[in-house]
Amino acid sequence: MPEIKVTPLGAGQDVGRSCILVSIGGKNIMLDCGMHMGYNDDRRFPDFSYITQNGRLTDFLDCVIISHFHLDHCGALPYMSEMVGYDGPIYMTHPTKAICPILLEDFRKITVDKKGETNFFTSQMIKDCMKKVIPLNLHQTVQVDDELEIKAYYAGHVLGAAMVHIKVGSESVVYTGDYNMTPDRHLGAAWIDKCRPDILISESTYATTIRDSKRCRERDFLKKVHETIERGGKVLIPVFALGRAQELCILLETFWERMNLKAPIYFSTGLTEKANHYYKLFITWTNQKIRKTFVQRNMFEFKHIKAFDRSYADNPGPMVVFATPGMLHAGQSLQIFKKWAGNEKNMVIMPGYCVQGTIGHKILNGQRKLEMEGRATLDVKLQVEYMSFSAHADAKGIMQLIRMAEPRNMVLVHGEAVKMEFLKGKIEQEFSIDCYMPANGETITVTTNPSVPVDISLNLLKREMALGGPLPDPKKPRTMHGTLIMKENSLKLVSSEQALKELGLNEHQLRFTCRVQLQDPHSDPDTLHRIYTHLKSVLKGYTIQHLPDGTVMVESIVIKVSSSAEDTNTKVLLLSWSYQDEDLGSFLSTLLKKGLPSGLC
Amino acid sequence: MTEEEEEEDNNSRSDGALHAVGWRRRKRRLLSPAARVHLSVLRGTHQWYKDLHVYQLEHPTQVIEWTSGRTVCVAGFSPSKNEILELRLPRKLFADENKGLCAERDFKVVHGGFTDRPVRCLRHVPGTRCAVTGDGLSSNLQVWDLGGDDSDVIRRTGSIEGRRRRTGVSEGGSSIAARPSSPPQILHGAQISDVQLTELSSGQTLYQLESDSADPLSSLHFLSDAVFLAGCSNGNIYVADTRTSAAPQLSPPPPPPVSSGESVLWWTDASAGPDPSGCRVVRLSSSGQALVSDLRNLGGAVSRAQLDVQTRRCGPDDVRVSWAPALDDCIAVSGFSGAVQIYDASVWTSELQEARPLFEHRGHAVSPEQSDDGVPPILVTSHVWHPERPRTLLSAASDGSVHVWDWVDQSAADKR
């Protein structure tokens, strides 16, 4: 039976990284190649030994697909392609291709420069890796090779995030990556058509959560900013250049307008340049399926938000500043942080995850004394707020996605099976599909029932339709006779004659012969006549002929009569029929063995 | 009031409360009903929340029951297939000291199960991982194992048979109360004559209320380990002791009679406390009248008030009234509309006067008359107080929303 295999790489129950192997129709595909942010040693990389014990991965993988730029989905990509070795194609969407290298480089800098790691990929490796990337557009089918094709769908979640549809022949798999089903201010909701894949692979991490509404999170954010401004404090918001930053800006702008607030809001210039650049990508990307949820505006035409200058950080009074980088590990945001950290009236709001080794990570873990360069300590007196604005699907979202795509099977990765039984039951009950939950390192095999398309010749179809009346009777299935020809990659069903013609073969004829002994005192011709009469009365509706050459023919069956040499009353009937009339022939021989009825004349 | 007028009105109030944000950009037609609802939460000028979390369940619930200090059970009440969910409240709510460092705001579905009946009543059996549910149709109850660490499935383990002494009685399911002590015992019944105490493990009936009265029950409360109070929907209250077979003590609602004409429904709650004799009972009528009585004299009212509720035709299951477990004299009321109201009963007198709520949570619906587009108004189906945190409540509404909120007492806070 044809089957698809899915293996989430990794060990144990850890959920920190995504890297899934799929074997479909003889092709091997790697979905995402993430880094586990919690480990400092080799456990942070996926375990590629499943693919091959040593050596490069190129021969074993047909392609690698990256769903979006978060490090737990792409962080190990340069390691995989340059240090383990892979030269094949790597697919990702355009925004992901633009943003990945920046995040990877930042991450590399932090890990190597700040933490002094040695076994890590270099800047050059990141560049070499990105050279292997082939960008994808949404809803565009890409032929990886003759048999494998992929297509990206909009996933929401972050800029450039995609769900990917993989097809080999008539088997297909959809991998969701991270997605969300409720539209954001600047991102739409995930969307996919009723593609009915054999398998839908999704993260189970958020499957058992019910999300607090976005408006509550926003309310909390605004409340914190407002309280800080009211007491004369300064708010620092370290951001990466796009997505979330824009959303928070729009939020603050309108809040300032409503509340008639006067405190200045700044956006650092480094951000402006990057953001404008990505905004152009953003526009072409988000034109797909966003509609009303996207507010068309020039990103920096805010009334209340101005460009930041370094010197403003020393200005007295309240203010809000958006600055990069997002994890406070270097640059402007760190500079501002150092100036403002000592005042408890101030606040820093971290809108996302911070990698280990960064100041962001340390303060989010409650550290209040930081060691800076030159052995100086920094007392952290300002208020630290961790707010998560990331958009993830939840329990309801998974059900919605399944309803959209209508997969035949469901695979949930990165969850403890024991904690997923309820969801599994829910999916099985509502959709009547099987739900698999492989542990990391475990392979699950899903048998598929692919349909094989076959062309039927018009002649054959017409001929079959002509038999047995105009309409097919579902209660009486009829066997259709034809020949299946497999040529190149197509299959077709034709009549036997046509097949023979195409193949240049002659049809063989098979004839059966049978001798039946009969007691009959009449002469040979009379016996023949008696047989003829008998058969005519029994086999009504059949063509029975008494031919002048001394034979009786029933359809194509030939009957001859001769007398036995020893006894003229013993007649020997010779029956001969072709293979096509096998049934009738057998019937006749059985019938005639019973003898002729006496009442015949 | 149009949206614009409302905005101006809000802007003129200068008490620094949290105003709506970002909504002006959106044309009104783009606002879904949910967005309009949330609008009201953010616009609340006189309302302050220390914490506010808003969730959307797939199906509305009529029950919210604590199964621990951090987990609650909710369940659907559609006629056929329903889910029972045990939800863990977000860590952020409880991270009192390091709230800022905790970003986790979501409910976690820790256990879930399926039932093919509606769940109209759900009680957790204290000290166990058991829960008992009633479907509102028959007097039989279902018993469930909420699951432990080794499985996330809530499984049905058995049932408890109720009795119906009188046949042909109007519909209305059983009320359920769990005895505070072990071994686990369940007090249940649909009307006074049916009330019995069943031992959970054996199914044995340990006690039956001796009364022929067919008064339908609205609630059952244990006042101590053996003494319980049965509130009836006609306003009668019965107090009985499971140790004796003596007839229960009956107290009708205190005079003067509440408006005649349409039949009035009553709901009851008894305040918990170490000393049952110090217990107070509140009765709430469907016309919005609240009466507070002492347990020793349930026929009389210590204080009363006409509550500021939107009276409407209520069903016996619609309204909830509850004493705050950790606040003196505070009562929460829900079910008349899309709001949950908190009243301070200490300012009520023996004369019937109008009372204004101390706090109103209007997050579930903008206003009860909001029936534009022919959409039925959203009503709060249930609310509960947190057993220890003084001002934390959970409320659920007919649109499937569940809110967790910690309100600020405005009267205690400085006016700006």
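**Chain B**

I started with the secondary structure of chain B and found three helices and 29 strands. Here helices are DSSP runs of H or I with at least four residues, strands are runs of E with at least two, and both are numbered from the N terminus. This is a predicted model, where local features need pLDDT of at least 70, side-chain atom pairs count only at pLDDT 80 or more, and totals for chains, interfaces and linings use all residues. Residues are numbered from 1 along each chain as its sequence is written, chains are lettered from A and ligands numbered from 1 in the order in which they are written, and side-chain values use heavy atoms, with hydrogens and water left out.

How much of chain B is buried? I got 56% of its 416 residues (buried is under 20% relative accessible area, exposed over 50%, partly exposed in between, with a 1.4 Å probe and protein chains only).

Next I looked at contacts in chain B with a separation of 6 or more: 52% of them join residues 24 or more positions apart. A contact means heavy atoms within 4.5 Å.

**Chain A: two helices**

Over to helix 2 (residues 77-85) and helix 4 (residues 123-131) of chain A, which pack at about 90° with their axes 9 Å apart. That makes helix 2 and helix 4 of chain A roughly perpendicular (the label covers 65 to 115 degrees). I listed who meets whom: A:Leu77, A:Pro78, A:Ser81, A:Glu82 and A:Met83 from helix 2 touch A:Met125, A:Ile126, A:Asp128 and A:Cys129 from helix 4. By class, I noted six nonpolar, one polar and two charged residues in this contact.

**Chain A: Asn119**

A:Asn119 sits in the loop between helix 3 (94-114) and helix 4 of chain A. Leaving out residues up to four places away in sequence, A:Asn119 touches A:Asp42, A:Arg44, A:Phe45 and A:Met83. A:Met83 is 36 residues from A:Asn119 in sequence, but their C-alpha atoms are 9.6 Å apart.

**Chain A: confidence**

Last, I checked pLDDT (the predictor's confidence in each residue, from 0 to 100). Chain A averages 86, and 91% of the residues score at least 70. Over residues 287-296 of chain A the pLDDT is below 50.

Conventions. Axes fitted to C-alpha atoms, helices over the stretch in contact; angles between N-to-C directions. Parallel < 35°, antiparallel > 145°, perpendicular 65-115°, else oblique. Nonpolar A, V, L, I, M, F, W, Y, C, P; charged D, E, K, R; others polar.
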